[in-house]
Amino acid sequence: MLETVVHERENSAEFRRLFRDYEDRIAVSNSRRAAMLAAIFMLAGCSLDFIVFPHLAANFLLIRIVSFILLGSIFLHLGRIHAQDKGHLISAGIALIPLIAICAMIVRTGGGDSEYYAGLSLVLVGLSLGRVVIAEAGS
């Protein structure tokens, strides 16, 4: 059987710490991008509101603006995080904010019969992908 030679320095605690620091910097950078994209898409969704539910568009615009502001504040906060700090907890809000906003819009438009119900599925897919990343980061 062919055996792999493992370098001793790759198993050291210092190597693992350096690798974790590197991964944390990448995770924070990716989380900032995700927060900005989520904020833009939440605000851009108002165009759908004006077409599908013109009588509720003003209410939904308020929900979308609040979501945009909260996601923007996460984006700004993640910009101030240093490599040694952990931004994983606040990054969970990136998926949670649109999830709550879309749930509020679904409730206002008829619950499970709402045309916006598909939007919840999209957020849940994003949340499940984010959960994997958060679980890996926590270990």
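Select helix α1 (residues 13-44) together with α3: the two pack at an angle of about 165°, with their axes 8 Å apart. Here the axes are lines fitted to C-alpha atoms, for helices over the stretch in contact, and angles run from 0 to 180 degrees between N-to-C directions. The angle makes α1 roughly antiparallel to α3, a term used for angles over 145 degrees. The residues in contact (heavy atoms within 4.5 Å) include V28, S31, R32 and A35 of α1 and R64, I65, S67 and F68 of α3.

The model is a predicted one, in which local features need pLDDT of at least 70 and side-chain atom pairs count only at pLDDT 80 or more, while totals for chains, interfaces and linings use all residues. Residues are numbered from 1 along each chain as its sequence is written, and side-chain values use heavy atoms, with hydrogens and water left out.

Helices are DSSP runs (H or I, at least four residues), numbered from the N terminus. Among the buried residues of α3 are A57, F60, R64 and S67, where buried means under 20% relative accessible area (1.4 Å probe, protein chains only).

Move on to α5, whose 16 residues reach 22 Å from first C-alpha to last, close to the 22 Å expected. Its buried residues include G93, I94, P98 and M105. Just after α5, G110 takes a positive phi of about 110°.

Now select T109, in the loop between α5 (93-108) and α6 (117-138). Is T109 buried or exposed? T109 has a relative accessible area of 12% and is therefore buried. A polar atom of its side chain lies 2.9 Å from the backbone oxygen of M105. Not counting residues up to four places away in sequence, T109 touches F53, L56, F60 and S114.

Finally, select L124 in helix α6. L124 has 43% relative accessibility and so counts as partly exposed, the class between buried and exposed (over 50%). Display P98 as well: its C-alpha atom and that of L124 are separated by 9.9 Å, although the two residues are 26 apart along the chain.

Terms used. Polar contact = N/O pair within 3.5 Å; in protein donor to acceptor, adjacent residues only side chain to side chain. Expected span 1.5 Å × (residues − 1). Parallel < 35°, antiparallel > 145°, perpendicular 65-115°, else oblique.
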